[in-house]
Structures are given as structure tokens and as C-alpha cells.
Amino acid sequence: MQERSSVTDLAERLRQELDRYSPGGKLPSSRALVDRFRVSPVTVSRALAQLAAEGLVVTRPGAGAFRAQARTTAAAAGDTSWQEVALSADGAADLVPRSVDASGVLVSLAAPAPGVVEFNGGYLHPTLQPERAMSAALARAGRRPGAWGRPPTEGLPELREWFARNIGGAVTAAEVLITAGGQSALTTALRALAPPGAPVLVESPTYPGMLAIARSAGLRPVPVPVDADGVRPALLADAFRATGARVFVCQPLFQNPTGAVLAPERRGEVLRIAREAGAFVVEDDFVRRLVHEDAGPLPRPLAADDTDGVVVHVSSLTKATSPSFRVSALAARGPVLERLRAIQIVDTFFVPRPLQEAALELVGSPAWPRHLRTISAELKTRRDTMTTALRLGLPELALPHIPSGGYHLWLRLPDGTDETALTAAALRAGVAITPGRPYFSAEPPAGHLRLSFAAVAGAGEIAEGVRRLRTACDEVLPAKSARLRPT
């Protein structure tokens with residue numbers, strides 16, 4: 001973190017001094033910059049690289065760095081209005097519009113402005129990420145024989161074997177494909193399993209990124225309600241009968257956003273119902289490695305109990321590491337595996353080998369189990385901190401379920417609350433929150449919020465974020481709800 005700050009500071013100081021040099025003029029040598037600013041050669045190299053990326057300097061190996069020539073005036077913008085007709089005309093006969101609304105995904109990807117408490121984040125805060133272990137793993141991976149060569153299209157055999165062991169049951173390495181993150185794996189699965197215009201059953205509420213994938217593929221998401229024990233089997237069976245769907249997408253463990261875990265007595269029911277409908281179950285096992293310290297033994301993935309090839313399983317390392325560590329697995333049994341493999345090859349060829357090698361180095365190092373134990377304890381502490389702060393400071397927000405895994409809480413708003421107005425008021429107060437509407441594929445039964453406790457710096461920032469959210473609620477919530485505030 002210190003190195004990153006030094007690079008930014010040095011780049012800014014050099015940027016301010018560029019007017020001293022004429023276009024094409026040579027900047028001081030790297031050694032001179034090291035001596036003058038008392039930084040490391042690596043910091044100088046990275047700062048110059050940053051300025052080069054901005055087009056402000058040009059670096060020439062063996063010669064040094066030079067101020068870039070002034071840019072010529074940009075050409076006048078053309079007329080792209082014709083694209084509105086072209087993009088709409090091709091989809092005129094589509095049963096389901098294939099335009100993509102990424103707003104529900106961007107809420108958790110966009111970085112808030114400085115000073116804003118990030119309750120909308122979908123990844124671990126940098127202080128929780130295993131940065132040293134990942135850096136060491138990447139360095140070791142780069143020295144492996146053949147590390148920069150072309151990997152097998154299905155993925156490195158050792159990495160496929162590791163994922164297969166972690167899924168369990170009778171899953172073998174031959175039934176695993178390595179993919180570039182869970183989002184990519186879900187996209188491949190839905191494209192493989194359902195043609196454009198087909199219905200796909202989804203939990204309600206569910207992950208907005210999956211809804212965006214379905215709609216961009218021309219699929220029609222059909223909601224199936226969940227409760228504290230996961231998806232409701234009777235309603236799932238009804239939905240299969242009513243729609244003729246051949247795919248059901250679910251998150252049986254720490255469901256996003258409710259945090260629910262599929263109850264033991266429902267697991268077999270879900271597989272039986274799907275099998276009788278001649279349908280696939282896409283199991284998104286996205287946060288198994290973000291279990292809380294007090295969770296107790298976890299249920300096995302549905303794929304571990306499936307012998308008939310009903311389950312297409314998705315598992316990822318990203319949530320437990322870094323948003324840039326995009327390594328995941330797609331597991332399936334039977335002819336569908338060949339279709340999944342073909343679609344992935346057409347879309348991405350393969351996951352870069354250095355990243356696969358780094359994943360192997362990371363999960364095989366002593367740092368990996370230590371990291372998992374650390375975040376298990378820290379996420380429980382943060383969950384308890386946020387739960388207590390909400391109960392004391394915002395009792396009008398209902399918290400029906402406290403999860404024992406994952407990184408967020410799902411709250412129901414008082415009747416009549418305007419989600420959009422509350423989200424805007426919260427941002428004005430200095431806290432970014434995620435509204436509940438994008439998690440529903442149809443009309444929601446009530447207003448909701450999802451609050452992340454993993455993307456913030458720690459307990460102090462959680463307390464401050466809840467205090468700021470209190471300010472926003474006082475501005476927006478119905479008067480009846482405001483009377484619930486403790487005095």
C-alpha cells in the first residue's frame with residue numbers, strides 16, 4: 001500500500017514539472033530521480049510508466065524518458081445516430097429484448113468518491129485481501145517452466161484436480177473447466193443450456209449480474225421465491241410446469257442477497273424436481289470460502305450429491321482473494337460438458353496460464369489456509385458490528401436473517417419507502433448503499449437494501465456508515481417509521 005501511494009505522489013510531482021521541458025525534451029535520468037525524491041528505482045519506473053500511459057511522456061529503452069509531443073487537435077465527432085436504427089432493427093423479431101442493463105452490476109463495481117463509506121461493495125477491502133500471498137504466488141508462477149506458454153483449453157490439470165477435490169463427491173478433474181471468473185462461467189452456462197427466447201427459472205430475489213446475463217442472452221427470467229431455508233420446492237415445481245423451463249439458477253449456500261442456506265430436506269427435492277422436469281440446475285457456489293467463524297460444518301455442493309448430470313456447478317476464487325484474481329471452475333457431467341467447453345473456447349480461448357499457475361501457487365501455499373481463517377474471523381466480527389449498529393441506530397429497518405457466511409446483510413425497508421430517494425439521500429450523507437429493486441426479476445414485494453460489511457476498512461467505518469445512513473433515513477423514511485428511532 002505504501003509503494004502504491006509513493007508511485008501516485010511521484011507521478012503527480014513529475015506531472016506538475018513537465019512544463020519545464022519542451023516537447024521531445026529529455027527528463028532527468030532514473031538515477032537522478034531516485035536521488036532527488038528519495039524513492040526506490042521501482043517507484044520511479046512505475047511513476048514514469050503511469051505518465052507514459054497518460055500520453056505525457058515517452059520512454060525509450062537505453063535512452064531515458066522524454067516529454068511527449070503535443071497532441072494534435074482531435075477530429076470532429078462523427079454522426080453515430082444511425083446505430084439506433086441498426087441496433088433496434090436486428091432485434092425486432094426477438095422474443096425477449098437483448099439490450100443489456102448493467103446498472104445492477106455497476107452498483108457493486110463502481111468505486112465511490114473519496115470519503116464515501118462503501119456499503120455497496122462486492123469484494124473484500126484491500127486490507128482483507130491476501131496481497132502479499134498473491135504477489136508471491138504470481139512471482140513464483142512466472143518462474144515455472146512453460147508459465148508463459150499456451151495452456152490446455154480446459155485449464156491446467158492440477159488446477160482442475162484441485163477444484164474437483166473441493167467440490168467433492170464423484171466429481172473428477174475431467175469434468176472441470178477453468179474459467180475467467182464466476183460471471184464468465186455463468187454466461188457460458190446459460191448460453192449453453194437455453195436458446196434465445198426460453199424461460200430460465202431464478203431465485204427471487206437473486207444476483208443482478210445473473211439477471212443481466214440472462215437478458216443479454218435473450219432469455220426470460222422467471223422468479224421463484226426464497227425464504228430463510230432457500231428456494232421453496234413446491235413453487236419451483238409449479239414454475240417448471242407452468243413455463244416448461246429447462247434451467248434453474250440458484251445459490252444454495254449464503255444466497256445473494258438474502259444469505260439463506262438451502263435446508264437439508266430441500267436439497268434432494270430440488271434435484272428431484274429438476275430431474276423430473278428434464279432440466280439443469282446451475283449451482284453458483286460463489287462464497288463458500290467466505291464462511292464466518294461461527295457457521296459450523298457446511299453442506300456439500302449440490303454437485304457432490306448429483307450422479308445424473310443435473311447440476312452445472314460454478315465455483316470461484318475471486319471473492320476470497322481480489323476482484324482481479326479471476327479464476328473459477330465450471331463443472332458438469334455428460335454431453336453438456338462438451339457444449340460448455342466449445343462455447344468457452346469460442347468466447348475466450350482459455351484463461352491466461354500465468355494466472356492459472358498463480359492460483360495453483362496460492363492455494364498450495366501455507367498462506368492460503370491462514371488467509372481463510374483470518375477472513376472467517378474478521379467477517380464474523382464485521383457482521384456482528386453492523387448488526388448491532390443497525391439494531392441500535394436503525395431499528396425500523398427489518399433484518400429477518402443474519403447469515404453465517406458471505407459479506408452482506410439484506411434489510412427490508414418500511415412500507416412506502418422510496419428506494420431511489422433513500423439511495424440518493426444516503427450518498428449525499430456520505431454512504432453508498434445498494435437498493436433492492438435490481439435483485440428482483442419481477443415486481444418486488446417490498447423495498448429492500450443490501451449493505452456490505454466486507455468492502456469497508458473496519459468496525460469504525462461500519463459505525464460511521466450506519467450513522468450517516470441514519471441521517472439519510474431521517475430525510476426519506478415515512479414519518480411513522482421515524483417514530484421507531486430510539487431516543
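**Salt bridges, stop by stop**

Start with R467, which is partly exposed at a relative accessible area of 47%. This is a predicted model, and residue numbers count from 1 along the chain.

The side chains of E464 and R467 form a salt bridge, 2.6 Å from N to O. Both residues sit in helix 16 (residues 459-476), three residues apart, or about one turn of the helix. E464 is also partly exposed, with 25% relative accessibility.

Next, select R140, R144, R353, E357 and E361 together. Salt bridges with shared partners connect these residues into one network.

Move on to helix 14 (residues 367-393), where D384 and K380 lie four residues apart, about one turn of the helix. Their side chains meet in a salt bridge, at 2.9 Å from N to O. D384 is partly exposed at 29% relative accessibility, and K380 is partly exposed at 22%.

For the last pair, select E17 and R36. A salt bridge joins their side chains, with 2.5 Å from N to O. This pair links distant parts of the chain: E17 belongs to helix 1 (residues 2-17) and R36 to helix 2 (residues 30-37), 19 residues apart.

Is E17 buried or exposed? E17 has a relative accessible area of 11%, and the cut-off for buried is under 20%, so E17 counts as buried. R36, at 43%, is partly exposed.

To continue on your own, note that the structure holds 31 salt bridges.

How values were computed:
Predicted model: local features only at pLDDT ≥ 70, side-chain atom pairs only at ≥ 80, totals over all residues. Heavy atoms only, no water. Salt bridge = Lys/Arg side-chain N within 4 Å of Asp/Glu carboxyl O. Helix = DSSP H or I, 4+ residues; strand = E, 2+ residues; numbered from the N terminus. Buried < 20%, exposed > 50% of the residue type's maximum accessible area, 1.4 Å probe, protein only.
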